[in-house]
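Subject: Structure handover

Hi,

Here is the structure we talked about. Please open it alongside this note. My findings follow below.

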Amino acid sequence: MSGTKPDILWAPHQVDRFVVCDSELSLYHVESTVNSEFKAGSLRLSEDSAATLLSINSETPYMKCVAWYLNYDPECLLAVGQANGRVVLTSLGQDHNSKFKDLIGKEFVPKHARQCNTLAWNPLDSNWLAAGLDKHRADFSVLIWDICSKYTPDIVPMEKVRLSAGETETTLLVTKPLYELGQNDACLSLCWLPRDQKLLLAGMHRNLAIFDLRNTSQKMFVNTKAVQGVTVDPYFHDRVASFYEGQVAIWDLRKFEKPVLTLTEQPKPLTKVAWCPTRTGLLATLTRDSNIIRLYDMQHTPTPIGDETEPTIIERSVQPCDNYIASFAWHPTSQNRMIVVTPNRTMSDFTVFERISLAWSPITSLMWACGRHLYECAEEENDNSLEKDIATKMRLRALSRYGLDTEQVWRNHILAGNEDPQLKSLWYTLHFMKQYTEDMDQKSPGNKGSLVYSGIKSIVKSSLGMVESSRHNWSGLDKQTDIQNLNEERILALQLCGWIKKGTDVDVGPFLNSLVQEGEWERAAAVALFNLDIRRAIQILNEGASSEKGDLNLNVVAMALSGYTDEKNSLWREMCSTLRLQLNNPYLCVMFAFLTSETGSYDGVLYENKVAVRDRVAFACKFLSDSQLNRYIEKLTNEMKEAGNLEGILLTGLTKDGVDLMESYVDRTGDVQTASYCMLQGSPLDVLKDERVQYWIENYRNLLDAWRFWHKRAEFDIHRSKLDPSSKPLAQITVMLGRI
């Protein structure tokens with residue numbers, strides 16, 4: 001305490017009581033207001049707590065310091081240090097049945113009057129009370145009193161037993177201390193060392209001194225200015241904090257020559273420092289005229305003597321209230337809780353929230369520590385309502401051997417869960433590329449096999465200016481439409497799109513049958529219509545309407561198709577143009593867009609983003625001229641690259657454009673697993689040497705290691721070595737797999 005600014009002390013054994021002391025002592029009881037009403041006359045401390053005044057003691061004037069008795073009985077015994085050096089024992093709410101009731105009013109008087117600066121009860125021998133006083137010539141400044149010693153009023157002049165001129169009663173006085181220490185110096189702060197009840201650490205005028213009561217003629221000391229507020233870390237008894245002006249010194253009593261750490265200098269003088277009693281290594285400091293409490297978190301383990309490793313300090317500030325803070329006190333048992341008091345006795349109950357430390361395991365379970373609590377959040381395996389994290393998806397796909405089916409490449413999308421249409425398009429594209437590459441290499445080795453993996457963009461460029469259109473009859477209609485003659489490159493493009501199979505036959509019948517078997521009625525009808533077979537389209541729609549899972553509205557669409565007429569001003573075209581905008585299924589929309597479009601203008605089909613890229617590209621190969629097709633493929637490729645849409649691999653192939661597209665995909669999703677397997681599939685060496693591809697591969701290998709999928713990682717390395725001859729697996733991988 002200094003001047004009339006209030007100080008605050010928690011009761012050591014009654015954790016719901018505290019005392020505020022300035023010119024008088026006020027005892028408060030703290031209650032929770034969470035499940036109860038706010039009582040009239042109570043003081044609001046926080047949203048959840050309030051304080052009720054229990055008693056006031058104004059019988060001890062000239063207070064300079066206060067210390068609460070540490071034993072259980074009596075519970076409300078306090079020692080008060082006064083401006084004249086006396087130490088008075090007083091009480092708040094004294095238990096009159098206590099056997100120690102005679103202690104109340106007892107005084108301990110030094111030989112010479114001077115200010116008492118600090119008090120400290122011995123934590124083990126509860127009857128010992130140390131008092132630190134100002135200097136007085138050759139007298140001692142550290143006095144240790146035994147509060148149970150006998151009274152000695154007869155040897156003190158009567159004028160010295162009065163607290164003030166107005167007092168007429170004498171008090172019970174003790175004038176002979178148990179120990180006298182620190183001669184010819186002032187004592188500014190005191191604390192007992194918990195490791196030994198006979199050791200007392202004192203902040204003297206010019207040094208920190210450790211007194212051993214077993215040999216009072218000797219002391220261990222170090223010269224320093226940081227002699228105020230000495231306090232021991234309750235969790236590390238060799239660590240002590242003290243301060244001077246705006247600096248805090250941290251000491252290790254095992255190597256007491258100099259501070260192990262000096263904390264950042266503050267612009268104003270410090271008024272209090274205190275270790276948190278519920279948290280190891282957390283020091284709170286308060287400066288004069290401030291509403292900020294600074295916290296220093298000592299994040300290091302106590303090191304052996306001689307180890308010069310710098311401790312790690314994490315500093316932060318908290319603001320418990322808006323007004324200046326006169327003092328604060330940590331709660332003795334509630335974690336990180338403190339009460340602060342302002343100069344006008346306004347109080348706030350405040351909890352210092354811990355920094356939250358996060359740890360994310362490779363299997364996506366999240367753990368965090370907050371104070372003494374440890375929390376875990378794991379992704380539910382069976383919860384299908386939430387989108388799984390990409391790491392979880394990759395882990396499950398690795399368990400299903402995703403990417404490793406090199407015979408039926410298209411099956412990899414099923415191994416991935418058969419949920420992502422982009423993955424389905426990707427693996428069907430890679431399947432067709434592998435299939436037609438092998439077929440071409442057998443017919444003419446080294447001829448056009450590499451062209452397939454270059455994508456449709458390269459394929460259509462190679463046939464620029466070689467194709468002309470011709471009139472083709474509709475099936476089921478007396479109508480003709482211009483369709484491009486299919487050369488070898490356009491046939492290959494249709495094969496990569498999946499519309500036609502290997503060979504010279506350009507019949508889409510098998511493809512339509514497969515779509516019908518999978519229940520994709522609308523898509524099958526649209527493909528049939530794009531191949532000028534309106535009768536087959538109507539038949540498919542009727543089948544879909546009558547199927548178990550079909551949509552009855554398909555019958556209505558079939559009826560609308562059956563009334564088709566190519567007259568430009570007909571009612572049918574007018575109604576179908578309106579109907580097209582109301583349909584939800586994109587394939588039904590593009591069917592009417594195709595039928596109502598002008599010859600050669602098919603933007604309603606080509607730029608319907610909800611229609612699969614392979615179907616739009618196949619349509620373009622049948623109906624667009626060479627120059628139109630080249631411009632359309634170029635534009636669509638750029639869109640796919642920018643969006644990172646895996647359907648665009650059909651256009652880019654496994655080329656540099658394909659790597660650019662995959663980079664956008666990985667940036668969007670983080671799926672390095674798909675990127676690695678895709679780029680390994682038939683890629684030329686110059687693509688595999690791309691640093692982005694190598695980065696994806698190494699990151700995926702690291703992921704498998706983090707998941708402890710050692711065998712999966714070995715399988716991937718062997719798979720990689722087969723597809724990339726420049727990459728060879730380590731010898732131990734092959735040996736390990738041979739033992740599985």
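Strands β16 (residues 199-204) and β17 (residues 207-212) run antiparallel and are joined by five bridges. In this pairing, A202 sits opposite A209 of β17. Strands here are DSSP runs of E with at least two residues, and helices are runs of H or I with at least four, both numbered from the N terminus. Two strands count as paired if DSSP finds at least two bridges between them.

This is a predicted model: local features need pLDDT of at least 70, side-chain atom pairs count only at pLDDT 80 or more, and totals for chains, interfaces and linings use all residues. Residues are numbered from 1 along each chain as its sequence is written, and side-chain values use heavy atoms, with hydrogens and water left out.

Back to the sheet. β16 and β17 belong to an open sheet of four strands, in the order β15-β16-β17-β18, with antiparallel pairing. Its edge strands are β15 (187-192) and β18 (219-223), each pairing on one side only. From one strand to the next, the twist averages 15°. The axes behind that value are lines fitted to C-alpha atoms, for helices over the stretch in contact, and angles run from 0 to 180 degrees between N-to-C directions.

R214 pairs with D196, and the closest N and O atoms are 2.9 Å apart. R214 lies in the loop between β17 and β18, and D196 in the loop between β15 and β16, so the pair ties together parts 18 residues apart in sequence. The criterion is a side-chain nitrogen of Lys or Arg within 4 Å of a carboxyl oxygen of Asp or Glu. R214 is exposed, at 54% relative accessible area. The cut-offs: buried is under 20% relative accessible area, exposed is over 50%, and partly exposed lies in between (1.4 Å probe, protein chains only).

β2 (residues 17-21) and β3 run antiparallel, joined by five bridges. They form a hairpin with three residues between them. V20 stands opposite S26 in β3. On to β5 (residues 49-57): eight bridges join this strand to β3, again antiparallel. Y28 has L53 in β5 as its bridge partner. β3 (residues 25-32) is mostly covered, with six of its eight residues buried. As background, side chains in a regular strand alternate between the two faces of the sheet.

What does D22 form a salt bridge with? The partner is R345, with the closest N and O atoms 2.9 Å apart. D22 lies in the loop between β2 and β3, and R345 in the loop between β28 (337-341) and β29 (347-351), so the pair ties together parts 323 residues apart in sequence. D22 is buried, at 12% relative accessible area.

Another pair to look at is R86 with E107, where the closest N and O atoms are 2.8 Å apart. R86 lies in the loop between β7 (77-82) and β8 (87-91), E107 in strand β9 (residues 107-108), 21 residues apart. R86 is buried at 5%, and E107 is buried at 1%.

The whole structure has 33 salt bridges. Shared partners join K457, E634, K641, K656, D657, D660, E663, D690 and R692 into one network.

Last, helix α18 (residues 672-680). Nine of its nine residues are buried, so this helix is largely enclosed by the rest of the structure. Among them are Q673, Y677 and M679.

Best wishes
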